[in-house]
Amino acid sequence: MPSYSTAAALVFLFSFAPSFAQSRQEEGILSSSSDDGPMPFIDLLASMSGHCKTLTVAGRSFNCKTIAYAHGDKGRVNFAVAVDDPEDENHVVSFSGENGKRADDNSYELPIDRMLLNSRDRPKVDGLPVPSKQASTGVCRQTGNFAARKVNDVTCFAIDSEGRRYELLFVSDGTPVSVRRIRQSAPSIQDPFK
């Protein structure tokens with residue numbers, strides 16, 4: 001079963017690191033797009049264990065053992081995949097979108113509008129990796145139910161603005177999904193960048 005720390009690390013890479021980097025945007029470290037702004041606070045995190053029957057990242061095939069679902073308080077959702085890449089232990093890809101919908105209690109569909117890509121070669125801001133954002137179109141579908149702590153599979157397909165394809169077929173190993181609700185609290189330290 002994936003540890004909570006593995007799932008949290010996946011989500012941290014894609015959800016929290018960019019928010020620390022917003023002040024560095026003018027230095028040219030981050031690319032800008034019209035929807036960039038303060039990152040949402042993650043209010044739900046679910047980690048799932050199993051394996052990837054298919055994981056294709058820009059034409060290369062990989063394996064994986066865990067994925068994480070992260071829901072932001074403003075509605076953005078990421079399906080983050082820890083890639084089993086022998087050449088890069090920091091390789092993580094995330095299918096990201098908004099306005100997901102449930103057709104019924106056991107099916108969820110998320111339109112994808114960007115891919116978030118992280119690797120050992122990505123720049124770091126304040127020691128944290130900053131993923132590359134690739135405008136994309138696609139969809140993720142999940143069968144199963146977080147409330148019942150059972151997800152059967154997750155399938156995703158996306159094509160980015162440069163024509164690269166991303167495909168995922170993740171199948172659960174039957175281990176109950178680890179679901180965490182996260183509550184935002186007041187900062188415990190003062191922001192050193194103000």
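**Figure 1. Disulfide pairing along the chain.** When the bonded cysteines of the chain are numbered in sequence order, the pairing reads 1-2, 3-4, and the structure, a predicted model, holds two disulfides, a disulfide being a pair of cysteine sulfur atoms within 2.5 Å. A disulfide is a covalent bond between the sulfur atoms of two cysteines. Because this is a predicted model, local features need pLDDT of at least 70 and side-chain atom pairs count only at pLDDT 80 or more, whereas totals for chains, interfaces and linings use all residues. Residues are numbered from 1 along each chain as its sequence is written, and side-chain values use heavy atoms, with hydrogens and water left out.

**Figure 2. Close-up of the disulfide between Cys 52 and Cys 64.** The sulfur atoms of Cys 52 and Cys 64 are 1.8 Å apart, and the link is right-handed, with 70° about the S-S bond. Cys 52 belongs to strand E1 (residues 42-57) and Cys 64 to strand E3 (residues 63-72), so the pair ties together parts that are twelve residues apart in sequence; helices (H or I, at least four residues) and strands (E, at least two) are DSSP runs, numbered from the N terminus. Cys 52 is buried at a relative accessible area of 6%, and Cys 64 is buried at 2%, where buried means under 20% relative accessible area, exposed over 50%, and partly exposed in between (1.4 Å probe, protein chains only).

**Figure 3. Close-up of the disulfide between Cys 140 and Cys 156.** Cys 140 is joined to Cys 156 with an S to S distance of 2.0 Å, and this link is right-handed, with 115° about the S-S bond. The pair connects distant parts of the chain, with Cys 140 in strand E10 and Cys 156 in strand E11 (residues 150-160), 16 residues apart. Cys 140 is buried, its relative accessible area being 0%, and Cys 156 is buried as well, with a value of 5%.

**Figure 4. Close-up of the second largest pocket and its lining.** The second largest pocket has a volume of about 300 Å³, and of the 19 residues that line this pocket, the closest to its centre are Arg 60, Asp 88, His 91, Asn 118 and Ser 119. On a 1 Å grid over the protein atoms alone, a pocket is an open set of points where a 1.4 Å probe fits, with protein on both sides within 12 Å along at least five of seven lines, and lining residues have an atom within 4 Å of a point. Grid points are joined across faces, edges and corners, and a volume is the space filled by probe spheres set on the points. Strand E7 (107-118) and strand E10 (132-145) each supply at least two residues of the lining. By class, the lining has six nonpolar, five polar and eight charged residues; Ala, Val, Leu, Ile, Met, Phe, Trp, Tyr, Cys and Pro count as nonpolar, Asp, Glu, Lys and Arg as charged, and the others, Gly among them, as polar.

Figure 5. Glu 87 lies in the loop between strand E4 (77-84) and strand E5 (92-97) and counts as exposed at 53% relative accessibility. Leaving aside neighbours within four places in sequence, Glu 87 is in contact (heavy atoms within 4.5 Å) with Arg 60 and Arg 120. Glu 87 and Arg 120 are 33 residues apart in sequence, and their C-alpha atoms are 9.4 Å apart in space.

Figure 6. Leu 116 is found in strand E7 and is buried, with a relative accessible area of 3%. Between Leu 116 and Pro 131 there are 5.7 Å from C-alpha to C-alpha, while the two are 15 residues apart in sequence.

Figure 7. Most residues other than glycine have a negative phi.
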